[in-house]
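Open the model in your viewer and keep the selection panel at hand. We will go stop by stop.

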Amino acid sequence: MIIISAIADIFPNLMQGIGVTVNVLLGSIILGYLIAFISGFCRLANNPILRGFTRFYVEIFRGTSLIVQLFWFYYALPILFGIDIGSNYWAGVLAIALNYGAYMSEIVRGSILSVAKGQTEAATALNMSPFQRMRLIIFPQAVRMMLPEFGNYLIQMLKATSLVSLISMTDILYYGDILRSNNISQAPTIYFLILVFYFIMALPLIWLTRKMEKVSKKGVASQ
């Protein structure tokens, strides 16, 4: 049973982890989208080596668990290869960004390929260079098609930040686990409040996703 007095005691403790959760989320979003666009374009490159390398990256990170990747960056790389990521923050951000960047790179690639071929043919007829065709004609339309899925992955990345407590980052779940270990009887209350915290943080992202969906319906030429 959730007791009001218990909530008053638990709430300030969980608030201590908000900053870490938000920082990891922002770092993962910036790096994740950057990786997604770079990898998506590389998958469309004429160079077979570049395409092959990017495909290898995408399949590795899509085909393995995010938790395993997190442990590899934080524990395995320093021990096996002497590669020090620098901090648990960067280990968490890199794991989340590379994992979701792999998924989103397929959205980038698929959206670019989904723009009607007639658009490219018209741009070619206007004597545009390949770069101009991509920058002025194809990419603006492809971005609109990417928006709804990109919005969904924003929310997915927020939920993924809860895993960084496994590498000793002091996020919301980290403080929740400490409180639970000190008083097991309050576990239902603690995890209920953690659920509420994540839901509240997700609300702006849900609103943004809906805005993205509206924008995506405008001005895209289909096949």
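A nonpolar core is a set of buried Ala, Val, Leu, Ile, Met, Phe, Trp, Tyr and Cys residues joined through side-chain atoms within 4.5 Å. Keep in mind that this model is predicted.

**Stop 1: the core.** Select Leu14, Ile96, Tyr100, Met104, Met157 and Ile172. Within the largest nonpolar core, which has 57 residues, these six touch the most other members. Now color by helix. Two or more core residues come from each of helix 1, helix 2, helix 3 (48-63), helix 4 (66-81), helix 5 (88-114), helix 7 (130-160), helix 8 and helix 9. Which helix gives the most to this core? Helix 5 does, with 12 residues.

**Stop 2: helix 8.** Select residues 172-182. The buried residues here are Ile172, Tyr175, Gly176 and Leu179. Why do they sit on the same side of helix 8? They span an arc of only 105 degrees around the axis, so they share one side. An α-helix has 3.6 residues a turn, so residues three or four places apart point the same way. Next, show what covers them: helix 1 (4-15), helix 2 (18-42) and helix 9 (187-216) are included.

**Stop 3: Ile172.** Zoom in on this residue. Leaving out residues up to four places away in sequence, Ile172 touches Leu14, Gly17, Ile18 and Thr21, as well as Ile194, Phe197, Tyr198 and Met201.

**Stop 4: the annotated spans.** An unreviewed UniProt entry annotates "transmembrane region" at residues 20-44, 56-77, 89-108, 153-176 and 188-208. Select 89-108: the span is 100% helix, with end C-alpha atoms 27 Å apart. Then select 188-208: again 100% helix, with end C-alpha atoms 31 Å apart.

How values were computed:
Residues numbered from 1 in each chain as written. Predicted model: local features only at pLDDT ≥ 70, side-chain atom pairs only at ≥ 80, totals over all residues. Heavy atoms only, no water. Buried < 20%, exposed > 50% of the residue type's maximum accessible area, 1.4 Å probe, protein only. Helix = DSSP H or I, 4+ residues; strand = E, 2+ residues; numbered from the N terminus. Arc of directions from axis to C-beta. Contact = heavy atoms within 4.5 Å. UniProt positions renumbered as here; feature names shortened; annotations may be inferred.
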